[in-house]
Structure formats: structure tokens, C-alpha cells
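Have the viewer open as you read.

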Amino acid sequence: MNLALLFDEDFVAPDRAVLRGRRLAHLQSVIKVVAGDTVPVGRAGGQMGTGEVVRLTDTEAELKVTLHQSPPAPLPLTLVLAMPRPKMFRRILQTCAALGVKDLWLINSYKVEKSFWQTPWLSDEQLRENLTLGLEQAKDTLMPRVQIRKLFKPFVEDELPALLANRQALVAHPGTSTPCPVHLNQPTLLCVGPEGGFTAYEVGKLEDAGCQSVHLGPRILRVETAVPVLVSRLFDACL
């Protein structure tokens with residue numbers, strides 16, 4: 001936890017916040033703070049700064065908060081991701097948040113098993129918790145927006161065209177002839193399929209909507225590896 005992310009419910013006064021649970025445990029067991037120490041903090045959706053530990057007990061830490069620094073700029077990226085396997089989903093969420101992705105769409109695909117959509121990691125509470133972990137790692141405060149679409153064709157035909165407006169649109173597809181571009185730093189939409197990739201039909205529908213198929217080379221990567229590699233390749237901010 002390189003930054004303690006504070007939410008509205010943590011504040012007991014305009015400049016006072018109280019931490020409990022996981023964040024308190026981290027302050028006590030990892031950072032080993034004592035009263036008078038300062039730690040990096042940020043208000044969710046707002047600025048970053050420092051928090052002075054003014055009171056510390058076994059159950060809570062009260063911080064005097066000073067916020068004066070803007071968070072890192074978001075990436076100009078909309079990430080459309082086929083729902084990953086639950087065992088890797090929480091890691092991907094944390095990675096996306098840490099990289100600066102703010103617009104994430106989870107979609108269905110032929111190779112996405114129905115059981116994936118039953119994972120508890122999709123609950124609002126778990127989404128916020130894992131995105132928070134990514135933000136705390138990267139020292140950021142801007143919470144990503146996650147949208148869920150469980151029907152592939154309606155999403156691609158009815159919603160994707162509007163998302164593509166004024167954006168370069170790419171779909172990661174091993175075997176295509178066009179390499180993934182580098183250092184775009186412009187509004188971009190990136191589609192990443194499930195383990196095993198999008199089907200030929202799905203790639204065709206994405207291309208019909210305006211996406212260009214690109215590859216990362218001859219190696220086939222797991223989704224949790226492909227996402228950070230693609231994002232780092234596309235944007236200087238992640239290099």
C-alpha cells in the first residue's frame with residue numbers, strides 16, 4: 001500500500017479520517033507507524049497528500065489529512081475485456097487500476113464459461129476493493145468505471161460503434177499480420193479476448209464495427225500478461 005485511499009465514509013471531519021481493517025493492519029504491521037508519523041494518502045476521486053497519525057489504537061488510526069497534489073493523468077484508453085477466469089480476474093482488476101485504465105468493459109465471448117459470471121469478485125464491494133488495491137499500489141485516486149455486458153452481439157452492434165467515435169480501435173488477435181502499434185498517446189479502444197482468444201466470428205464482428213486486428217508477436221500470452229504488455233506498448237505513460 002503505497003498510498004492509503006480514503007473514501008467519504010472514512011472522514012469524521014473535513015481534515016480528519018479514521019482507518020480500520022485492512023488499511024489499519026497495513027499501517028501497523030508493514031509500515032509500523034506510531035503517533036506523529038505521516039503517510040501518503042489520497043481521497044477517492046480527489047487529490048493526494050499526507051496524513052499525520054494523530055491517534056493510534058488497536059482498532060483504528062485517526063489521520064490529520066492535508067491534500068494538495070493531483071493524481072496521475074488517466075490513460076486515454078477504453079479497455080474491452082472478455083470476462084477472465086475468476087482465479088486471475090482480481091489480479092487483472094488490480095493491474096488495470098495500477099496502469100491508469102479508467103474505462104473497463106467486461107463482455108461475454110464464446111470461450112467465456114457461464115460460471116465465470118457467477119464469481120463473487122464481480123460484486124460491487126469486491127470490484128471496489130480490488131480496484132482500490134491497484135490505485136493504492138500506483139498512488140492514484142481516480143476509481144475506474146467497470147461496466148458489464150453479458151451478451152456479445154448486442155454490445156458489439158448496439159454500443160460499440162458509439163464507443164469507437166474519435167478513437168483508434170484495436171483488437172488483440174494472434175495470427176493477424178499487423179503488429180500492435182506503439183506510443184499512441186491518443187484516445188484508443190482496445191479489445192482483449194479470453195484465454196484461447198476471440199472466435200473468428202467474434203473478430204469479424206469487431207472488425208465490422210471498426211476495430212483493427214493486431215498482434216504482439218509469435219508468443220501466445222495469458223490474459224493477465226497480455227493486458228499490461230499491450231497497455232505498456234500503446235502508451236508512454238506505462239513504460
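This is a predicted model: local features need pLDDT of at least 70, side-chain atom pairs count only at pLDDT 80 or more; totals for chains, interfaces and linings use all residues.

Residues are numbered from 1 along each chain as its sequence is written, and side-chain values use heavy atoms, with hydrogens and water left out.

Let's start with the rings. Rings of Phe, Tyr and Trp (its six-membered ring) pair if their centres lie within 6.5 Å; planes under 30 degrees apart are stacked, over 60 edge-to-face, and the rest tilted. How many aromatic pairs does this rule give? The count is two, and here they are:

| Pair | Centre to centre | Angle between planes | Class |
|---|---|---|---|
| W105 and F155 | 5.6 Å | 40° | tilted |
| F152 and F198 | 6.4 Å | 50° | tilted |

Why does the W105 and F155 pair tie together parts that are 50 residues apart in sequence? Because W105 sits in strand 8 (residues 103–107) while F155 belongs to helix 4 (residues 152–163). Those element names come from DSSP runs numbered from the N terminus: helices are H or I with at least four residues, strands are E with at least two. W105 is buried at 4% relative accessible area, and F155 is buried at 1%. For the record, buried means under 20% relative accessible area, exposed over 50%, and partly exposed in between (1.4 Å probe, protein chains only).

Next, charges over rings, which here means NZ of Lys or CZ of Arg within 6 Å of the ring centre and within 35 degrees of the ring normal. R43 has its charged end over the ring of F11, 3.8 Å from the centre. R128 does likewise with F7, at 3.9 Å from the ring centre.

Finally, G45. Is this glycine buried or exposed? G45 is exposed, with 56% relative accessible area, and its place is the loop between strand 4 (38–43) and strand 5 (48–56). Leaving aside neighbours within four places in sequence, G45 is in contact (heavy atoms within 4.5 Å) with T141 and L142. As for L190, 145 residues from G45 along the chain, the two C-alpha atoms are separated by 24 Å.
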